[in-house]
Amino acid sequence: MVSYKELGLVNTREMFAKAINGGYAIPAFNFNNMEQLQAIIKASAETKSPVILQVSKGARNYANQTLLRYMAQGAVEYAKELGWEHPQICLHLDHGDTFEVCKSCVDFGFSSVMIDGSSLPYEDNIALTKKVVEYAHQYDVTVEAELGVLAGVEDDVQAEESHYTKPEEVIDFATRTGCDSLAISIGTSHGAYKFKPEQCTRDPQTGKLVPPPLAFDVLDAIMEKLPGFPIVLHGSSSVPQEYVDIINTHGGKMPDAVGIPEEQLRKAAKSAVCKINIDSDSRLAFTAAVRKVFVDKPGEFDPRKYCGPARDEMTKLYKHKIIEVLGSAGKAE
Ligand code: 13P
């Protein structure tokens, strides 16, 4: 048993309370490799933003859960080296699907876990979530749960259709499970193709897809039922068109990739939404930068010469999200 507190990590409780009161959201960035982690920590240290490092099932399969945890431990020291005296870094399990996987993360130094029972019948979701909460809280590890279904594909999480969270269920769910935060479904979805072209309109000038707005009425109804309760938005990449364009003009093929407009996320961040999950945008930044090097310098074969620019591009992206979208800069001085 390793406590995250010995590793210099923090859970989400205080982060979320401050974020709700301050009208901003904490960035939750997924990581699978060293360059991504370096970029997340550099951006957070330079902006003094609290940050949540997320480990998905796909990341655990790709990079190994043990290695990722040691990398997060190293990230705390790296943050201090960068001059961030009191880093506020949370290590979070993204989309845990069984009690056992959540327990293994709690036992191994994660400071927060998500148990995603959203695909289960309501009572089964409650029973599973409650079991994880009871275990995690013994070690002061915070627990995120999910109600409602997000469409899209993210690593091993996929659903054909979304179902908005039902506001009439949230009080019962939060009270009976004791969860610390709730991921809801209001129209976001995982991946770089969040909406089918037929769900969007087209901007007559640019020809680009314009997605339908998020269901802020559902969010408002949830906040009315659970005032001040931490709400989480998954699937919140904006799919920046400049990256899609670089990819498409440098040998890639990503037609009709579309995300959540940043102004809608800015609006959500000012409410009880206090954790915003972003993964796909960093994949796009990485891929765009690598493709560009491959096309511009076809003789290049040193991975540092293309992973380095990819890391710089991701750092730029994370800083942009922190400063311009989530409003979390300067909240972890
Ligand atoms: P995106 O695919 O929109 O980046 O969402 C990531 C996410 O929600 C991770 O849980």
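The structure is a predicted model. Helix α6 runs over residues 122-137.

**Residues around the ligand**

- The ligand has 17 residues around it, and those that come nearest are Lys194, Gly235, Ser237, Asp279 and Ser280.
- By type, the shell around the ligand holds 12 polar residues, 4 charged residues and 1 nonpolar residue.
- Strands β3 (89-96) and β12 (273-278) each supply at least two residues of this shell.

- A polar backbone atom of Ser280 is 2.7 Å from an oxygen atom of the ligand.
- For Ser236, a backbone N or O atom lies 3.2 Å from an oxygen atom of the ligand.
- Asn277 uses its side chain: an N or O atom there is 3.2 Å from an oxygen atom of the ligand.

**Helix α6**

- Helix α6 has 16 residues, which should span 22 Å at 1.5 Å a residue; the end C-alpha atoms are 22 Å apart, so the two values agree.
- The buried residues of α6 are Asn125, Ile126, Leu128, Thr129, Val132, Val133, Tyr135 and Ala136.
- An α-helix has 3.6 residues a turn, so residues three or four places apart point the same way.

Key:
Residues are numbered from 1 along each chain as its sequence is written. This is a predicted model: local features need pLDDT of at least 70, side-chain atom pairs count only at pLDDT 80 or more; totals for chains, interfaces and linings use all residues. Side-chain values use heavy atoms; hydrogens and water are left out. A residue is near a molecule or strand if one of its heavy atoms lies within 4 Å of it. A polar contact is a pair of N or O atoms within 3.5 Å; within protein, one must be able to donate a hydrogen and the other to accept it, and residues adjacent in sequence count only if both atoms are side-chain atoms. Helices (H or I, at least four residues) and strands (E, at least two) are DSSP runs, numbered from the N terminus. Ala, Val, Leu, Ile, Met, Phe, Trp, Tyr, Cys and Pro count as nonpolar, Asp, Glu, Lys and Arg as charged, and the others, Gly among them, as polar. The expected span of a helix is 1.5 Å times one less than its number of residues. Buried means under 20% relative accessible area, exposed over 50%, partly exposed in between (1.4 Å probe, protein chains only).
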